[in-house]
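Hi,

Here is the structure I promised to pass on. Have a look at it first, and then read my notes below.

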Amino acid sequence: MAALTTTDCPDLRLIARGKVRDLYDVDDKTLLFVATDRISAFDVVMKNGIPGKGKILTQISDFWFNKLHSVVPHHLITCKVAEMPASVQKYASQIEGRAMLVKKLKILPVEAIVRGYISGSAWVEYTKKGTMCDMPLPKGLKESEEFPEAVFTPSTKAEMGEHDENINPDKLPALIGDKLAKQLEEVALKLYTTARNYAREKGIIIADTKFEFGVDENDNLVLADEVLTPDSSRFWPADRYKVGQGQPSYDKQYLRDYLTSINFDKATGVELPAAVIDNTMQKYIEAFTILTGKTPVL
Ligand code: ATP
Ligand code: MG
C-alpha cells in the first residue's frame, strides 16, 4: 500500500490542509475530513507518509465517537463513503476508510484540554512557577504523576501558525458565556475520565487530551474534530509507565528517537527509512487493536 500524503478531490472545495487532515466543504450543512498518511514530529511534517495511518486515525475517532455518544452528541454523520453524497462518492477509491462526513458546526474558540497526568507544557510551567495554567498545584509533584482528579485546562485556539495559549478556566465565561463554559468543563472531564478508565484497563494510559466542540443550530453543545487519537492525546504504554521521568510516546517514539539520532534539521525535513515507517505503523495498529479489540481495516 502506498502512502496517501495529499488528497486530490478537485470537484469539492478544499477548505484547509492541516498537518494531517485535508478538509473539504461538501454542502452548507456538511464537511468532509480526510485523514492522510502524513506524520509530524517536533512540529514538522515528514516528507513521506506512514501508509494506512490516516485510516487508523479515522477508525480510532469513529470508535470513540460511538463509545462516548451517551456523554454528549457528536458531529460524525458517517465514515462509510457509500453513505456520503454522490459528489464525495466519486472519490471513494482515494478516501475510503479515512474519511468522515461531519455536521458543520460553529466551533467554539477554545480547545478543551483535560489532563490526568502532569506532562508536556503543564510540567514545564509547573517546574518554573509551581502552577498549571496559573492555577496553583501542590508542591512536590513528579513528572508524569497522575493527578488525584483530572484537571480541565482550556486554551484559546490560535490563528494559523501561532501557538495556542493556555488560559485559567476562570477566563472561559468571558469567551463563550457562563452556561457553555460550565457545560464544556463538565462534559470534557466526563469524556476524558470515561475514556481514560476504559483505556487504562486495556493497557494504554491516556495522559491528556484535547477536545474541540461546536454548537449546532439549536445551540446544543456538540463534540467535533477528531477524538482521543494519538494525534490529539498523549498515549503511553501502561507497562512502561514510570513516575519521575518523561514517558515514551505510544506511537511516535521510534520516529522521535530516529530524528534525534540523525540530528534532524527542521528546516530541510526528512525522508523516513522503511524500518521507521514500519515500526511506527505497527504501533498505530497495536494501539487500535488494544483499544478496540479489533483488527483495523487497511
Ligand atoms: P493541526 O494539524 O495542527 O490540527 P489545524 O487545526 O489547522 O492544524 P485541522 O485540525 O486539520 O488543522 O483543521 C480542522 C479544522 O476544522 C479545525 O479548525 C477545527 O476546529 C475545524 N472543525 C472540526 N470539526 C468541525 C465541524 N464539525 N464544523 C466546523 N469546523 C470543524
Ligand atoms: Mg486541529
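Thr-7 is buried, with a relative accessible area of 2% (buried means under 20% relative accessible area, exposed over 50%, and partly exposed in between, with a 1.4 Å probe and protein chains only). Before I go on: this is a predicted model, where local features need pLDDT of at least 70 and side-chain atom pairs count only at pLDDT 80 or more, while totals for chains, interfaces and linings use all residues. Residues are numbered from 1 along each chain as its sequence is written, chains are lettered from A and ligands numbered from 1 in the order in which they are written, and side-chain values use heavy atoms, with hydrogens and water left out.

Back to Thr-7, which sits in the segment before strand 1 (13–17). Helices (H or I, at least four residues) and strands (E, at least two) are DSSP runs, numbered from the N terminus. The side chains of Thr-7 and Tyr-24 make a polar contact of 2.6 Å. By polar contact I mean a pair of N or O atoms within 3.5 Å; within protein, one must be able to donate a hydrogen and the other to accept it, and residues adjacent in sequence count only if both atoms are side-chain atoms. Beyond neighbours within four places in sequence, Thr-7 is in contact (heavy atoms within 4.5 Å) with Arg-17, Asp-22, Tyr-24, Val-34, Thr-36 and Gln-94.

A polar backbone atom of Lys-19 is 2.7 Å from an oxygen atom of ligand 1. On the nitrogen side, a polar side-chain atom of His-75 lies 2.8 Å from a nitrogen atom of the ligand, and a polar backbone atom of Lys-103 is 2.9 Å from a nitrogen atom of ligand 1. On its own, ligand 1 has 630 Å² of accessible area, and the protein covers 75% of that (Shrake-Rupley, 1.4 Å probe; for residues, only the protein chains shown count as cover).

- Lys-53 is in helix 1 (residues 53–67) and is buried at 1% relative accessible area. Not counting residues up to four places away in sequence, Lys-53 touches Val-20, Asp-37, Arg-38, Ile-39, Asp-231, Met-281 and Tyr-284.
- Phe-235 belongs to strand 17 (residues 233–237) and counts as buried at 2% relative accessibility. Setting aside neighbours within four places, its contacts include Ile-204, Leu-228, Pro-248, Tyr-250 and Leu-291.
- Pro-273 is in the loop between helix 7 (253–261) and helix 8 (274–292), and is partly exposed at 30% relative accessible area. Pro-273 and Asn-48 are 225 residues apart in sequence and 9.2 Å apart in space, C-alpha to C-alpha.

Cheers
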